[in-house]
Structure formats: C-alpha cells, structure tokens
Amino acid sequence: MAQLDLRELNNTEFPIPDEMQGNVAITSLSKLYNWTRRSSMWPLLFGLACCAIEMIATAASRYDLSRFGMEVMRASPRQSDLMIVSGTVTKKMVVPIVRLYNQMPEPKYVLAMGACASGGGPFKEGYNVVSGIDMYVPVDVYVPGCPPTPQALLYGLIALQKKIDGQSLANMDDVPWYGVGPSEPTPVPILGPDIIDPRQMDLIRRQAELAAKGLPYGVRELPPLKPVSTPVLSKVTPKAAAPAAAAEADDPAKAERQRKRDEALARKRAGEGAAAVAEAAPAAPASGEKKKFDKAAMLEQIRQRKASKG
C-alpha cells in the first residue's frame with residue numbers, strides 16, 4: 001500500500017514551509033470527519049438472493065473488500081452504518097428490512113445491489129416482489145446488474161465514499177443526523193393480503209367505509225367540464241412578442257411559417273368555439289316539435305367556410 005503523502009492535503013490558504021510539508025497537514029473538520037467515516041464503513045451482514053453470492057465474493061481474498069475498511073460486516077443493525085440490500089425483496093421480507101433500517105444508528109446509508117433491489121428486476125410484475133427497495137427506505141447508491149459483478153459492487157462502494165466526501169458539517173441537509181429535533185423512524189409496512197403503507201391508512205379506512213356501505217370506492221372523480229361560451233383566441237403578450245420579433249428579423253422564412261401556424265391555430269380555435277356555442281345554444285321549436293341540432297352538418301359548414309377563405 002502506498003504511503004500517504006501529507007503534501008496532498010495542504011491545499012489550503014495557509015502556507016506551510018517546505019521543510020514541514022511532509023510532517024504537517026492543514027485540513028478542515030468536515031474532511032477529517034468524512035475521512036474517518038468513509039474509511040470505516042461497517043455493512044450489515046445479510047443476503048437475500050443471488051446478489052449475496054457476489055457480495056460474499058467481494059469480501060474474499062481476490063477482491064479484498066478490506067482495502068476500503070469495509071470488511072467488518074456486523075450481524076447487528078445497532079453496530080452497522082451501511083445496509084447492502086443484495087437480492088430480491090419480497091413483500092414478506094420488506095417488513096424486517098425496514099425494521100432493521102430503523103434500528104441502525106445515524107449516520108446510515110443504503111446501497112441497492114442488483115436489478116431486483118433497485119426496481120424489481122425480472123420479477124417486477126410478480127405478485128410477491130416489491131418494485132424497488134427505494135419505495136420504503138432512502139437509497140444512496142444503486143448498483144445495476146443481474147447479478148452485478150464484484151467489480152460493480154466495489155465501484156458502488158467507491159461512489160458511496162465520494163458521496164460521503166462531499167458532505168459538510170456546515171450544511172444540515174448533508175448531515176441531517178445533526179439537525180434540530182428528533183429523527184422520525186421510517187414507517188414499517190403492514191403485511192396483509194397485500195403490502196400496506198401506514199402513511200395511507202386514512203385513505204384506506206375511508207375506502208373501506210364506503211365499501212361497507214355499498215358505495216363506489218377507489219373511483220377517480222373528474223371535475224365537471226365548463227361549457228365554452230365564446231371563441232378562445234390566442235393572445236400574445238408583450239414579453240412573448242419581443243422574442244417573436246427578434247426571430248422574424250433573424251430568419252424571415254421561419255417567421256413566415258410561424259405566422260401561418262398561428263393563423264391556422266387561431267382559425268381552429270375559433271371553429272371549435274363556434275361549434276361549442278352552437279351545440280350549447282337551445283334549438284328553436286319547429287311545427288310543434290323540438291328540432292335536434294345536427295352537429296355533423298354544422299361542422300361541415302365550418303369546413304366549407306374555411307375552404308372558401310383559404
């Protein structure tokens with residue numbers, strides 16, 4: 001292993017004499033804090049499917065995960081700060097996964113390993129597989145593949161280290177575990193006939209009450225349509241007219257095409273407005289009977305009028 005050259009850390013505004021650059025380094029508290037965390041990540045020891053075999057191979061001597069200080073895989077979530085979700089997440093398994101995530105101390109990170117953990121993989125349309133673990137816990141790094149190779153997992157861990165290096169103690173958004181107030185735990189899903197998000201319990205309870213009364217539930221209600229009383233014409237604001245004038249000066253042919261397009265759009269909107277007005281107008285009675293409005297004939301008249309104008 002190459003020795004650390006302290007002169008690489010002396011990129012600060014404070015000058016250091018040449019004879020002391022190999023013995024003294026000046027850095028910030030955030031860099032020192034991030035360096036200690038990125039170099040001692042303790043993953044949570046569990047595997048779900050074939051991706052776990054690749055994760056085991058990454059910890060073997062050929063790839064040597066200990067080079068990154070991550071070889072200490074803990075069997076307890078209270079001593080881990082990295083959750084590697086390696087494999088297919090079923091609806092039955094997502095409940096203990098979220099519970100383990102809540103038991104991990106801050107700061108904690110999640111790495112979704114493989115296509116199944118990232119988005120469901122080949123089992124996305126299955127009845128018992130969730131479409132990505134990020135629907136239940138926040139994910140920091142995604143490692144694609146089915147299954148990903150040990151090299152891909154190492155690259156994902158390096159990406160996580162780069163993310164940690166970019167965090168700052170001065171920004172509470174980067175280090176929310178130092179924020180004000182308690183940290184709310186992630187809601188644990190409820191496993192029943194299907195998986196239920198506790199954050200939607202009010203909506204589920206209302207729909208169950210409607211179903212018990214025999215009323216329709218789960219139906220999307222659309223707002224009523226407002227009748228158009230007057231033709232809608234395009235309006236050009238002064239701010240929009242300035243770029244149009246500039247474009248016309250730069251490219252006359254393009255401006256001419258845009259003008260014809262605007263005129264055609266205005267005629268189309270005027271025709272639609274006239275048809276809507278005629279359709280909404282009450283029909284005059286003739287010979288004691290109600291005369292039905294012929295929409296097709298009205299549209300044909302509008303087309304003929306347009307053709308004559310063109």
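## Helix 5 and its length

The expected span of a helix is 1.5 Å times one less than its number of residues. In this predicted model, helix 5 runs over residues 150-165 and so has 16 residues, with a reach of 23 Å from its first C-alpha to its last, which is close to the 22 Å expected.

The buried residues of helix 5 are Pro 150, Leu 153, Leu 154, Gly 156, Leu 157, Leu 160, Gln 161 and Ile 164. These residues lie on the same side of helix 5, because they cover an arc of only 160 degrees around the axis. An α-helix has 3.6 residues a turn, so residues three or four places apart point the same way.

The face turned away from this buried side carries the exposed residues Tyr 155 and Lys 162. On the buried side, what covers the residues of helix 5 includes helix 1 (29-38) and helix 2 (50-58), together with strand 1 (82-86), strand 2 (109-113) and strand 3 (141-143).

## The nonpolar cores

The largest nonpolar core has 22 residues, of which Met 41, Leu 82, Tyr 109, Leu 111, Met 113, Leu 157 and Leu 160 touch the most other members. Helix 2, strand 1, strand 2, strand 3 and helix 5 each supply at least two residues of this core, and the largest share, 5 residues, comes from helix 5.

Leaving aside its neighbours within four places in sequence, Leu 82 is in contact with several residues, including Met 41, Trp 42, Tyr 109, Leu 111, Leu 157 and Leu 160. Apart from this core lies another, of 20 residues, and among them are Val 89, Val 94, Ala 112 and Ile 133.

Methods. Residues are numbered from 1 along each chain as its sequence is written. This is a predicted model: local features need pLDDT of at least 70, side-chain atom pairs count only at pLDDT 80 or more; totals for chains, interfaces and linings use all residues. Side-chain values use heavy atoms; hydrogens and water are left out. Helices (H or I, at least four residues) and strands (E, at least two) are DSSP runs, numbered from the N terminus. Buried means under 20% relative accessible area, exposed over 50%, partly exposed in between (1.4 Å probe, protein chains only). The arc is that of the directions from the helix axis to the C-beta atoms. Contact means heavy atoms within 4.5 Å. A nonpolar core is a set of buried Ala, Val, Leu, Ile, Met, Phe, Trp, Tyr and Cys residues joined through side-chain atoms within 4.5 Å.
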